[in-house]
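Dear colleague,

I am passing on a structure for you to look at. The notes on what was found in it follow below.

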Amino acid sequence: MSIEVNNESGVEVDEELLVALAGHVLERMGINPLAELSILVVDEEAMSDLHERWMGEPGPTDVLAFPMDELRPGHGAGARQEGDAPADPALLGDVVLCPQVAAKQGAEAGHGTEAELELLCTHGILHLLGYDHAEPEEHKEMFGLQGELLEAWREVRPQR
């Protein structure tokens with residue numbers, strides 16, 4: 001996987017850990033090892049601008065996903081069955097994270113900033129792969145998968 005992290009937030013984040021997490025998620029989802037993903041880490045002001053411009057909502061949000069190639073689960077990008085070949089390589093898109101918002105949410109959830117960034121990064125990648133949570137069934141599927149991916153990640157996560 002080609003996974004690039006660009007930290008423009010002014011806050012120190014563990015970029016290597018984000019790359020390892022993203023690689024884990026993409027591998028578990030059966031994405032071709034030649035696929036490309038960009039993770040952008042921005043401050044609250046930049047996230048507010050993106051949130052307003054692309055979603056029409058004021059203020060910063062925690063994560064945004066901007067897909068590049070049109071990938072949908074079950075159409076070459078989703079989880080593959082054992083023995084299936086990985087989907088064709090693709091430029092997946094960009095996941096944008098805001099560590100300041102993640103810090104607030106992580107504190108409220110009682111698991112800290114790093115765990116919240118891992119959750120948000122996983123969430124953003126699933127959006128790039130075509131998952132959504134607007135409808136109850138979609139919500140159940142996406143958040144169930146997100147939980148499974150994070151649980152598997154905790155088993156292999158490098159300790160720092």
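**Contacts of Trp153**

Leaving aside neighbours within four places in sequence, Trp153 is in contact with Leu17, Ala20, Leu21, His24, Glu118 and Pro158. Please bear in mind that the model is predicted. Trp153 is found in helix H5. Is Trp153 buried or exposed? Its relative accessible area is 2%, and because the limit for burial is under 20%, Trp153 counts as buried. Trp153 and Val25 are 128 residues apart in sequence, yet the distance between their C-alpha atoms is 8.0 Å.

**H1 against H5**

Helix H1 covers residues 15-28, and its axis comes within 10 Å of the axis of H5. The two axes cross at roughly 125 degrees, which makes H1 oblique to H5. The crossing of H1 and H5 is right-handed. Which residues make this contact? From H1 there are Leu17, Ala20, Leu21, His24, Val25 and Arg28, and from H5 there are Leu149, Ala152, Trp153 and Val156. Sorted by class, the contact of H1 with H5 has 8 nonpolar, 1 polar and 1 charged residues.

**H4 against H5**

Helix H4 (residues 112-128) also meets helix H5 (residues 136-156): their axes come within 10 Å and cross at roughly 130 degrees. H4 and H5 are therefore oblique to each other, and their crossing is right-handed. On the H4 side the residues are Glu118, Leu119, Thr122, His123, Leu126 and His127. They meet Met142, Phe143, Leu145, Gln146, Leu149, Leu150 and Trp153 of H5. By class, the contact of H4 with H5 has 8 nonpolar, 4 polar and 1 charged residues.

Trp153 is listed in the contact with H1 and in the contact with H4. Leu149 is likewise listed for H1 and for H4.

**The chain as a whole**

The secondary structure of the protein chain comes to 5 helices and 4 strands. Along the sequence, these follow the pattern β-α-β-α-β-β-α-α-α. The chain has 160 residues, and 41% of them are buried. Of the contacts between residues at least 6 apart in sequence, 71% join residues at least 24 apart. The accessible surface of the protein chain is about 8800 Å², and carbon and sulfur atoms account for 47% of that surface.

Regards

How values were computed:
Residues numbered from 1 in each chain as written. Predicted model: local features only at pLDDT ≥ 70, side-chain atom pairs only at ≥ 80, totals over all residues. Heavy atoms only, no water. Axes fitted to C-alpha atoms, helices over the stretch in contact; angles between N-to-C directions. Helix = DSSP H or I, 4+ residues; strand = E, 2+ residues; numbered from the N terminus. Parallel < 35°, antiparallel > 145°, perpendicular 65-115°, else oblique. Left-handed = near helix turned anticlockwise from the far one by under 90°. Contact = heavy atoms within 4.5 Å. Nonpolar A, V, L, I, M, F, W, Y, C, P; charged D, E, K, R; others polar. Buried < 20%, exposed > 50% of the residue type's maximum accessible area, 1.4 Å probe, protein only. Areas by Shrake-Rupley, 256 points an atom, 1.4 Å probe, with all protein chains shown as cover.
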